[in-house]
Amino acid sequence: MTKRTLRQLYKSKRNEIADKDRLKWDDLMLIQFQKMDLSFIHTVLSYWPLENQVEPNTRLFTGYLRHMFPNIVLCYPVTDMATIQMKALVVNENTLYTKNALGIIEPDEGELMQPEKVDLVLVPLLAYDINGFRVGYGKGYYDRYLASCSENCLKIGFSYFDPIDQITDTDQFDVPLSSCITPYRTYEF
């Protein structure tokens, strides 16, 4: 299937998830995430889940990282819609956030973190395939950013669903995930 078709299909599928199932599946994904060896991680780029898109609760995963690795540097993205670029800003407990024009919650300010220094990126997605390629929201912010990251950077997605066989219209600019966590399994690519 094409990205466009998958985008529509998986937005619809996510909207059909009952709240109680979503809470349970988020907890099960946290358990899968806790099984990973992340002891070498120093810098993480996460993101605020979009409630209106029924995204997995990444705040659970970043909360776990902060608890287990108190010295971890946590960053959140800020998007520049004019240039279609994204940058990572370091956040802390005093960081103030604002919702941008796309409804994405971003830090108001923070130290700029260079992409090559990020060890782990939590990557939003709607669907993904067995090769680790993903369908995002269609602007390419993450693929552009991930292309600048170190080759050792872990790129982890979270999905309520298993992978499809193939996204038929991937191109040379698509950056595959390292793994994708579902409620019952972690897929490695």
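Modeller: A residue is called buried here if its relative accessible area is under 20%. The model is a predicted one. By that cut-off, five of the five residues of β10 are buried, so the strand is largely enclosed by the rest of the structure. In a regular strand the side chains alternate between the two faces of the sheet. In β10, Leu 154, Ile 156 and Phe 158 point one way, while Lys 155 and Gly 157 point the other way, and all are buried.

Two strands pair with β10. β7 runs parallel to β10 and is joined to it by four bridges; within this pairing, Leu 120 stands opposite Leu 154. Strand β11, residues 179-181, also pairs with β10 in the parallel sense, over three bridges.

The buried residues of α3, which spans residues 58-68, are Thr 58, Phe 61, Thr 62, Tyr 64 and Leu 65. Seen down the helix axis, these buried residues fall within an arc of 155°, so they line one face of α3. An α-helix has 3.6 residues a turn, so residues three or four places apart point the same way. The elements that the buried residues of α3 pack against include β10 (154-158) and its partner β7 (120-123). Also among them are α2 (19-34), β1 (43-45) and β2 (73-80).

Key: Residues numbered from 1 in each chain as written. Predicted model: local features only at pLDDT ≥ 70, side-chain atom pairs only at ≥ 80, totals over all residues. Heavy atoms only, no water. Buried < 20%, exposed > 50% of the residue type's maximum accessible area, 1.4 Å probe, protein only. Arc of directions from axis to C-beta. Contact = heavy atoms within 4.5 Å. Pairing = 2+ DSSP bridges.
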